[in-house]
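Subject: Structure handover

Hello,

The structure we discussed is below. My notes on it follow.

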Amino acid sequence: MALKSDYANQECTIARTLEIIGERWTPLILRDCFFGLRRFTDLHRHLGLPRAVLSARLESLVGAGVLERSEYQPGRQEYLLTERGQELWPVLTAMLAWGDKHLSPNGPRVLQRHTVCGQDLRPGEPCQTCETVPPVAEIEIRHGPGRPRHPNPDRIEQALHDGHTLLAPLP
C-alpha cells in the first residue's frame with residue numbers, strides 16, 4: 001500500500017519524512033550530492049536513471065529545502081545540499097552501516113575518517129580521538145575492503161580510491 005500524500009489526519013513524522021526522502025532514487029541522489037556531485041548531467045550519468053525521474057526528484061528536494069540551486073555559469077545551475085539536507089547524513093550513514101553489516105560479506109564498502117585528527121570513524125559513532133561527532137565537511141571517505149575495484153573508474157570511484165572529503169566538489 002502506497003503512502004498517502006495528504007497528512008491532514010496523520011501525525012507520524014516518519015511518514016512525512018518518507019514523503020521527502022523515501023522514493024527509491026532519493027537516497028542515492030543524496031549520497032552522490034554528499035560525495036561531491038552537483039550537476040544534473042553528472043548525477044544523471046552516475047545514477048543512470050531516466051532524466052525525467054531525476055528532474056522530478058531534484059525539484060522535490062529543492063521544494064523541500066533539502067537542496068538548493070546555485071548558478072555556476074550564466075544559465076547553468078548545480079545542486080547543493082542545504083543545512084537541512086546535510087542533517088540527513090546520519091540517516092545515510094545508518095543505512096550504510098546496516099548494509100555493510102548485512103549485505104557486504106567482504107567488509108565495509110566505504111570507510112570514513114575524521115579529517116581534523118585523522119581518526120577512522122565508525123558509522124554513526126563519535127570520533128574516538130576527539131569524542132565529538134564531526135560535521136559532514138570534516139569527513140573523508142575512501143574505498144573499503146568490501147568495495148570491488150572497477151576497471152574503468154568514474155569520478156566517484158576515483159575519488160573514493162584516493163580519499164575525498166564529503167561536500168567538496170569532485171574534480
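Leaving aside its neighbours within four places in sequence, with which residues is Val62 in contact? They are Leu67, Arg69 and Tyr79, where contact means heavy atoms within 4.5 Å. Val62 itself lies in helix α4. Its C-alpha is 9.3 Å from that of Leu80, a residue 18 positions away in sequence.

Before the rest, the conventions. This is a predicted model, in which local features need pLDDT of at least 70 and side-chain atom pairs count only at pLDDT 80 or more, while totals for chains, interfaces and linings use all residues. Residues are numbered from 1 along each chain as its sequence is written, and side-chain values use heavy atoms, with hydrogens and water left out.

Overall fold

The protein chain has seven helices and six strands. Both are DSSP runs numbered from the N terminus: helices are H or I with at least four residues, strands are E with at least two. Starting at the N terminus, the order is α-α-α-α-β-β-α-α-β-β-β-α-β. The C-alpha trace spans about 45 × 40 × 30 Å along its principal axes.

Among contacts with a separation of 6 or more, 50% join residues 24 or more positions apart.

Surface and charge

Of the 171 residues, 37% count as buried; the cut-offs for relative accessible area are under 20% for buried, over 50% for exposed, and in between for partly exposed (1.4 Å probe, protein chains only). The chain exposes about 10,300 Å², and carbon and sulfur atoms supply 52% of that. These areas come from the Shrake-Rupley method with a 1.4 Å probe.

There are 20 positive and 21 negative charges, and their mean positions are 5 Å apart. Lys and Arg count as positive and Asp and Glu as negative, without His or the chain ends; each charge is placed at NZ of Lys, CZ of Arg, CG of Asp or CD of Glu.

Core and helix α2

The largest nonpolar core has 36 residues, and Ile29, Leu30, Phe34, Leu58, Leu67 and Leu166 have the most contacts inside it. Such a core is a set of buried Ala, Val, Leu, Ile, Met, Phe, Trp, Tyr and Cys residues joined through side-chain atoms within 4.5 Å. Elements that each supply at least two of its residues include α3 (40-47), α4 (51-63) and β5 (139-143). Helix α2 gives the largest share, five residues.

Eight of the ten residues of α2 are buried: Thr26, Pro27, Ile29, Leu30, Asp32, Cys33, Phe34 and Phe35. Beyond neighbours within four places, Ile29 is in contact with Leu43, Leu47, Leu54, Arg57, Leu58 and Leu61. Gly36 follows the helix and has a positive phi, near 115°.

Two further residues

Arg142 sits in strand β5 and is buried, at 15% relative accessible area. Its contacts outside four places in sequence are Arg109, Val110, Leu111, Gln112, Arg113, Asp120, Leu160 and Gly163.

Val91 belongs to helix α6 and counts as partly exposed, because its relative accessibility is 35%. Its C-alpha is 8.8 Å from that of Gly124, 33 residues away along the chain.

Regards
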